[in-house]
Amino acid sequence: MPANERDCTIRLGVSACLLGEMVRYDGGHKLDQFLVNTLGRYVEWVPVCPEVEIGLPIPREAMRLVGDPEAPRLVTQKSGQDYTERMQAWARERLEQLAQVGLHGFVFKKNSPSSGLFRVKVYDEKGMPGRVGTGIFPREVMKRFPLLPLEEEGRLHDMHLRENFIDRVFAYYRWTCLLAENPTPGGLVQFHTAYKLTLMAHSPSHYQKMGRLVAQAGTLPWEELVEKYGYSLMEGLQVMTTPGKHANVLQHLMGFLKDKLAPEDKAELLDLIADYRQELVPLIVPLTLLKHHLSRHSVPDWVHQQVYLHPYPKELMLHNHV
Ligand code: SF4
């Protein structure tokens, strides 16, 4: 991992009401305990409330999305006032400030016409909620930061989606730390090697494609190669892990111990991997035993350096649930 990783801070943008700020249209908040009490121990939050930051009061008239779901308008529910252009213009400026701060992800408030990322109701001219779309601010965030990991607080209550998001945030953080060091081809190879098993648990085809890309160092222009690599990294990690893919990775790791484990230890580990594959035990069970054996036997250094073995702080307990 990059030498300066410890100097970087993981910064996540967040809809301000999720941190308990009383900024909602009705004067309330939508405090999310997981974000504040658990994830908040490892990241620095950068709160953003688009409606308040464009100058609207608290409380205020509620808004909704209206019209074409691909290019919806942001309109107040009763008086029909249209804030679309005002919010877009503010967002472009605000995102330039956030680019200076350096974000590694963003958590949005679900269902909000200003902040919602997925399946926000879009009303037709008669006031009927026929289609769904993306809120005005996240739409601008996606345009400005196409690789940034994005999620909604509601979806983060699903442990698989939570694990996927945290994986992407930590990867993006490590990737941006590496970029800040002006990486050499050797640095990129090191990064790619460290992410080998993580990528295999998400998308083996991305891992292979990225390996071919890294091998083109010296033939492809360096900036183009780095840009393509970053895109593939974040795209590959968006593919969900499955027990089958994790089990394959665990067996691959076990291969390094094949002449070293006693037959009963080998049988025990294989049984636990099989139980995990059938979802009878969580990932943490075979992974912990495997790490125990890896720490006691001589295996290549690159195995110990796998992000897969230490992806994020263990207190987040994500491997206890997938
Ligand atoms: S959902 Fe967005 S616009 Fe609405 S109160 Fe929360 S941060 Fe502000």
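## Helix α10 and its partners

In this predicted model, the axes of α10 and helix α12 (residues 284-296) come within 11 Å and cross at roughly 15 degrees, where axes are lines fitted to C-alpha atoms, for helices over the stretch in contact, and angles run from 0 to 180 degrees between N-to-C directions. Helices (H or I, at least four residues) and strands (E, at least two) are DSSP runs, numbered from the N terminus. α10 and α12 are therefore roughly parallel to each other, given that angles under 35 degrees count as roughly parallel, over 145 as roughly antiparallel, 65 to 115 as roughly perpendicular and the rest as oblique. The crossing of α10 with α12 is left-handed, a term used if the near helix is turned anticlockwise from the far one by less than a right angle, with right-handed used if clockwise. Contact (heavy atoms within 4.5 Å) joins Leu250, Leu253 and Met254 of α10 to Pro286, Leu287, Leu290 and Leu294 of α12. By class, this contact has 7 nonpolar, no polar and no charged residues; Ala, Val, Leu, Ile, Met, Phe, Trp, Tyr, Cys and Pro count as nonpolar, Asp, Glu, Lys and Arg as charged, and the others, Gly among them, as polar.

Helix α10 (residues 243-254) also meets helix α11 (residues 263-277), with axes that come within 9 Å and cross at roughly 165 degrees. That angle makes α10 roughly antiparallel to α11, and the crossing of α10 and α11 is right-handed. On the α10 side the contact is made by Pro243, Gly244, His246, Ala247, Asn248, Leu250, Gln251 and Met254, and on the α11 side by Lys266, Leu269, Leu270, Ile273, Tyr276 and Arg277. The residues of this contact comprise 8 nonpolar, 4 polar and 2 charged.

## The pair α5 and α6

The axes of helix α5 (residues 159-180) and helix α6 (residues 185-194) come within 11 Å and cross at roughly 165 degrees, which makes α5 roughly antiparallel to α6. The crossing of α5 and α6 is right-handed. Ala171, Arg174, Trp175 and Leu178 of α5 meet Gly187, Leu188 and Phe191 of α6, and by class the contact of α5 with α6 has 5 nonpolar, 1 polar and 1 charged.

## The parallel sheet

An open sheet of 4 strands has the order β2-β1-β5-β8, with parallel pairing, where two strands pair if DSSP finds at least two bridges between them. At its edges stand β2 (44-48) and β8 (150-152), each of which pairs on one side only, and the twist averages 25 degrees from one strand to the next. Within this sheet, strand β1 (residues 11-15) and β5 pair in the parallel sense over 3 bridges, and Leu12 stands opposite Gly105 in β5.

Helix α4 (residues 136-144) packs on the sheet, where it touches β2, β5 and β8, and its direction makes about 165 degrees with that of β5. Helix α5 likewise packs on the sheet, touching β1, β5 and β8, with a direction that makes about 150 degrees with that of β8.

## The mixed sheet

Another open sheet of 4 strands has the order β4-β3-β6-β7, and its pairing is mixed. β4 and β7 (129-133) stand at the edges, each with a single partner strand, so one side of each is left without a neighbour in the sheet. The twist here averages 50 degrees from one strand to the next.

Strand β3 (residues 63-66) and strand β4 (residues 73-76) pair in the antiparallel sense over 4 bridges, with Val66 opposite Arg73 in β4. These strands form a hairpin with 6 residues between them, and Gly67 in the turn has a positive phi of about 100 degrees. β3 and strand β6 (residues 120-123), by contrast, pair in the parallel sense over 2 bridges, and Leu65 stands opposite Val122 in β6.

## Backbone exceptions

Most residues other than glycine have a negative phi, and most peptide bonds are trans. The peptide bond from Ile58 to Pro59 is cis, with omega near -5 degrees, and Pro59 lies in the loop between α2 (50-53) and β3. Asn111, although not a glycine, has a positive phi of about 70 degrees and is placed in the loop between β5 (105-108) and β6.

## Confidence and conventions

The protein chain averages a pLDDT (the predictor's confidence in each residue, from 0 to 100) of 94, and 98% of the residues score at least 70. Over residues 1-6 the pLDDT is below 50, and beyond near neighbours in sequence this stretch has 15 contacts in the model.

Residues are numbered from 1 along each chain as its sequence is written, and side-chain values use heavy atoms, with hydrogens and water left out. As the model is predicted, local features need pLDDT of at least 70 and side-chain atom pairs count only at pLDDT 80 or more, whereas totals for chains, interfaces and linings use all residues.
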